[in-house]
Amino acid sequence: MKYPIIFLGLLLTVSCKQQDKNQNESAQTETAIRLDSVSSDTIIKEEKPVLKTFEGLADTTFVRLADFSEDFAYDMRYATENNFLKAKVYDCAECYTRVKTAKALIKANKDFMEKGVKIKFFDCYRPNSVQYKMWEIVPNPQYVANPDKGSIHNKGGAVDITLVDMEGNELDMGTDFDYFGKRAYHDNLDLPQEILDNRKLLKETMEAHGFWSIRTEWWHYNLSAASNDRVANFKWECDD
């Protein structure tokens, strides 16, 4: 009788251990399934915004450049106090141009990106009402176009730009944006070769896409095809 009891005890012990093992494995499997379920449910998929196309738009229509390309950088200075006016004259930072200007900019930027750089904007289309604000602060035609006549910025055909690498670092152009002095002149060749090369890359590429520069500002480019457009006072809406 002694041995059957011992044998029965061993059977019960093995059975309990097997049951515990099965329960542990079941619990681990259930936990793993639950974790997998949670992780898959909580993954936030970042969807890229759908870009607009120019189809059906007239060349003179004003458009927000960021709606048509994700490949530009922005530092809209006149929406801040970090400019030569020392005043904020835009209600919010946006870069608008006419369609034909936007098309030319996107093509130019494609060429820049093949060289490992891209366009960064300081200013784009400027409503004529903003031109009046600027004139009130600095009523000097050497620095601000007379708003009664307007400028090509007010026509949606001018941009103030520089170049940045693909990490967003600005190329050295010798001066900051809106530096009014000889160092900013295109015909000033008394500069380090790196600066001259950077300016040359900017100028030659923009000119290849229908833009022309002005002698005293390395950052300013006008689209030739926009010269005869009318001065505009289109205003964009700002998100509160």
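Predicted model: local features only at pLDDT ≥ 70, side-chain atom pairs only at ≥ 80, totals over all residues.
Start with α2, residues 99-114. The helix has 16 residues and reaches 23 Å from its first C-alpha to its last. That is close to the 22 Å expected at 1.5 Å a residue. Its buried residues are Val99, Lys100, Thr101, Ala102, Ala104, Leu105, Ala108, Asn109 and Phe112. Just after α2, glycine 116 takes a positive phi of about 85 degrees.

Now turn to α4, residues 193-208. This helix also has 16 residues. From first C-alpha to last, α4 reaches 22 Å, close to the expected 22 Å. Buried here are Ile195, Leu196, Asn198, Arg199, Leu202, Thr205 and Met206. Their cover includes α2 and the strands β4 (117-123), β5 (158-165), β6 (211-214) and β7 (217-223). A glycine with positive phi follows α4 too: glycine 210, at about 90 degrees.

How do α2 and α4 pack? Their axes lie 9 Å apart, at an angle of about 135 degrees. The crossing is right-handed.

Which residues meet at the contact? From α2 come Leu105, Ala108, Asp111 and Phe112. From α4 come Leu201, Leu202, Thr205 and Met206. By class, the contact has 6 nonpolar, 1 polar and 1 charged residues. The spacing along each helix follows a general rule. An α-helix has 3.6 residues a turn, so residues three or four places apart point the same way.

Methods. Residues numbered from 1 in each chain as written. Heavy atoms only, no water. Axes fitted to C-alpha atoms, helices over the stretch in contact; angles between N-to-C directions. Helix = DSSP H or I, 4+ residues; strand = E, 2+ residues; numbered from the N terminus. Left-handed = near helix turned anticlockwise from the far one by under 90°. Contact = heavy atoms within 4.5 Å. Nonpolar A, V, L, I, M, F, W, Y, C, P; charged D, E, K, R; others polar. Expected span 1.5 Å × (residues − 1). Buried < 20%, exposed > 50% of the residue type's maximum accessible area, 1.4 Å probe, protein only.
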